[in-house]
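Good morning, colleagues. Please bring up the structure so that we may go through it together.

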Amino acid sequence: MANAWLYPVLAIVGILLSSLIWSQLLRRKPEARDPRMVYIYLAALGGAFLGAKAAYLFAEGWMHWPDYAEHPALVWRQWLTGKSITGAFLGGYGAVELVKHLTGYNKATGDLFAVVAPLGLALGRVGCLASGCCLGRPMAPAWYTLADSSGMERWPAVPLECAFNLIMAGFALACWRLGRFQGQLFHLYLMFYGIFRFAHEYFRDTPRLVGGLSGYHLLAMGIFLLGLMRYLQRAQAPRRNLV
């Protein structure tokens, strides 16, 4: 895999940049003085990392387990590079809700995450592009295809996902500034990403588990359903909990 070291480097840069933007946006809100916001942010990061690893192992990491016995060094590379954003959404969301419950924080916190998460993911996809991972399916050469390291033409899966996340970051930032969809921006992002990823997964070169569906198809459905369920629940919540 070419330039494999770039992926973890850019992933770390994405986390740091997202943290900086999140803290700057938070300073404009009253809850910036609440120390529980730090715990919530750290919970999001930790939960996202664990969820991303779990999702990768579920969807395709299991295929490499026989190789680990012969090449133990692969285990460390997999821990550094083998992750999936599909699990990061689910793990991060679950961890945040757990910490909010434990600390008694009952206000919405997802709007800022809806701004910074897609920015960090877009930067992470740049790392994917540089390292040659997360490839699209092979196809006949066309104006939109990209050649992999072996010269095979493929669906431009990584650039499309990068573009999607940049669009979503712009949408969330505009809504946040205008005060639209307060308390619901991250739920909207989950629903949009779930739909996008389910459709896009048909063009990605990932192993199929059942009925032509990959593990990421199943995770994308879970992301959409989580976003929809929480959107509907939040719509019934008292408005004082949204700001």
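Arg230 is buried in this predicted model. Its relative accessible area is 17%, and because buried here means under 20%, Arg230 falls into that class.

Where does Arg230 sit in the secondary structure? The residue belongs to helix 9, which covers residues 215-235. As for its surroundings, beyond the neighbours within four places in sequence, Arg230 is in contact with Tyr93, Glu97, Gln184 and His187. The side chain of Arg230 also makes a polar contact with the side chain of Gln233, at 2.6 Å.

Let me turn to the chain as a whole. It contains 9 helices and 4 strands. Read from the N terminus, the order of these elements is α-α-α-α-α-α-β-β-α-α-β-β-α. The radius of gyration is 18 Å, close to the 18 Å that the globule rule gives for 243 residues, so the chain is as compact as a globular protein of that length. The C-alpha trace spans about 55 × 40 × 35 Å along its principal axes.

Among contacts with a separation of 6 or more, 74% join residues 24 or more positions apart. Of the 243 residues in the chain, 44% are buried.

Finally, surface and charge. The accessible surface of the chain is about 12700 Å², and carbon and sulfur atoms account for 69% of that area. How many positive and negative side chains does the chain have? There are 22 positive and 12 negative side chains, and the centres of these two sets are 13 Å apart.

Thank you for your attention.

How values were computed
Residues numbered from 1 in each chain as written. Predicted model: local features only at pLDDT ≥ 70, side-chain atom pairs only at ≥ 80, totals over all residues. Heavy atoms only, no water. Helix = DSSP H or I, 4+ residues; strand = E, 2+ residues; numbered from the N terminus. Rg over C-alpha atoms; globule rule 2.2 N^0.38 Å. Buried < 20%, exposed > 50% of the residue type's maximum accessible area, 1.4 Å probe, protein only. Contact = heavy atoms within 4.5 Å. Areas by Shrake-Rupley, 256 points an atom, 1.4 Å probe, with all protein chains shown as cover. Lys, Arg positive; Asp, Glu negative; His and termini not counted. Charge placed at Lys NZ, Arg CZ, Asp CG, Glu CD. Polar contact = N/O pair within 3.5 Å; in protein donor to acceptor, adjacent residues only side chain to side chain.
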